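Here are my notes for your first look at this chain. Keep the viewer open and follow the points in order.

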Amino acid sequence: MGSDEFLDLCKKIVREYTEDHLDKSKEQPDFEVYVVWYAKTLQNHKALLSTTLDDGMYYELTYNGNKQELYFDAYKKFENKCIKC
């Protein structure tokens with residue numbers, strides 16, 4: 001799987017997951033899915049993605065090229081603070 005194909009697949013999966021988990025009792029918002037970080041090593045890929053929704057979610061997708069398996073993790077950001085060193 002090439003990089004473009006992997007990232008397109010990741011965006012599709014995150015969009016579908018997000019749409020499935022939106023509050024169905026409210027109007028469905030328009031949003032974008034974007035790549036925060038991406039790396040490829042040999043036949044493996046990993047990407048962190050998020051959306052323009054203000055929900056604090058981010059998504060990690062990892063493709064294992066040996067097994068041809070894609071792993072999906074969804075995370076919620078609880079806090080963001082600056083710690084001076």
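1. How far are E16 and K12 separated in helix α1? They are four residues apart, so about one helical turn lies between them. Keep in mind that this is a predicted model. E16 and K12 form a salt bridge, and their closest N and O atoms are 2.9 Å apart. E16 is partly exposed, with a relative accessible area of 38%. K12 is also partly exposed, at 48%.

2. Now look at R15 and E19. Their side chains meet in a salt bridge, at 3.5 Å from N to O. R15 and E19 are four residues apart in helix α1, so about one helical turn separates them. R15 counts as partly exposed at 27% relative accessibility. E19 counts as partly exposed at 36%.

3. The search of the whole structure finds three salt bridges. One of them joins K46 and E60, with the closest N and O atoms 2.8 Å apart. K46 lies in strand β2 and E60 in strand β3, so this pair ties together parts that are 14 residues apart in sequence. K46 is partly exposed at 28% relative accessibility. E60 has a relative accessible area of 18%, and it counts as buried because the cut-off for buried is under 20%.

4. Step back to the whole chain. It has one helix and four strands. Along the sequence, the pattern reads α-β-β-β-β. The C-alpha atoms fill a box of roughly 45 × 40 × 20 Å along the principal axes. Of the 85 residues, 26% are buried. The accessible surface comes to about 6400 Å², and carbon and sulfur atoms hold 50% of that.

5. The largest nonpolar core has 14 residues, and F6, C10, V14, A47, L49 and L61 touch the most other members. Helix α1, β2 (44–51) and β3 (57–64) are the elements that give two or more residues to this core. Leaving out residues up to four places away in sequence, V14 touches V33, L49, T51, Y59, L61 and F72.

6. Is T18 buried or exposed? T18 counts as buried, at 3% relative accessibility. T18 sits in helix α1, which covers residues 3–20. The T18 side chain reaches the backbone oxygen of V14 at 2.8 Å. Beyond residues up to four places away in sequence, T18 touches F31, T51, L53 and Y59.

7. Turn to the strands. Strand β1 (residues 33–41) and β2 pair in the antiparallel sense over eight bridges. In this pairing, Y38 stands opposite A47 of β2. The hairpin of β1 and β2 has two residues between the strands.

8. Check two backbone angles. Most residues other than glycine have a negative phi. L42 has a positive phi near 55° and is not a glycine. L42 is found in the loop between β1 and β2. L42 is exposed, with a relative accessible area of 68%. Q68 is not a glycine either, and its phi is positive at about 55°. Q68 lies in the loop between β3 and β4 (69–76). Q68 is exposed, with a relative accessible area of 64%.

9. A last point on contacts. Take those in the chain with a separation of 6 or more: residues 24 or more positions apart account for 30% of them.

Note on methods
Residues numbered from 1 in each chain as written. Predicted model: local features only at pLDDT ≥ 70, side-chain atom pairs only at ≥ 80, totals over all residues. Heavy atoms only, no water. Buried < 20%, exposed > 50% of the residue type's maximum accessible area, 1.4 Å probe, protein only. Polar contact = N/O pair within 3.5 Å; in protein donor to acceptor, adjacent residues only side chain to side chain. Contact = heavy atoms within 4.5 Å. Core = buried A, V, L, I, M, F, W, Y, C linked by side-chain atoms within 4.5 Å. Pairing = 2+ DSSP bridges. Areas by Shrake-Rupley, 256 points an atom, 1.4 Å probe, with all protein chains shown as cover. Salt bridge = Lys/Arg side-chain N within 4 Å of Asp/Glu carboxyl O.
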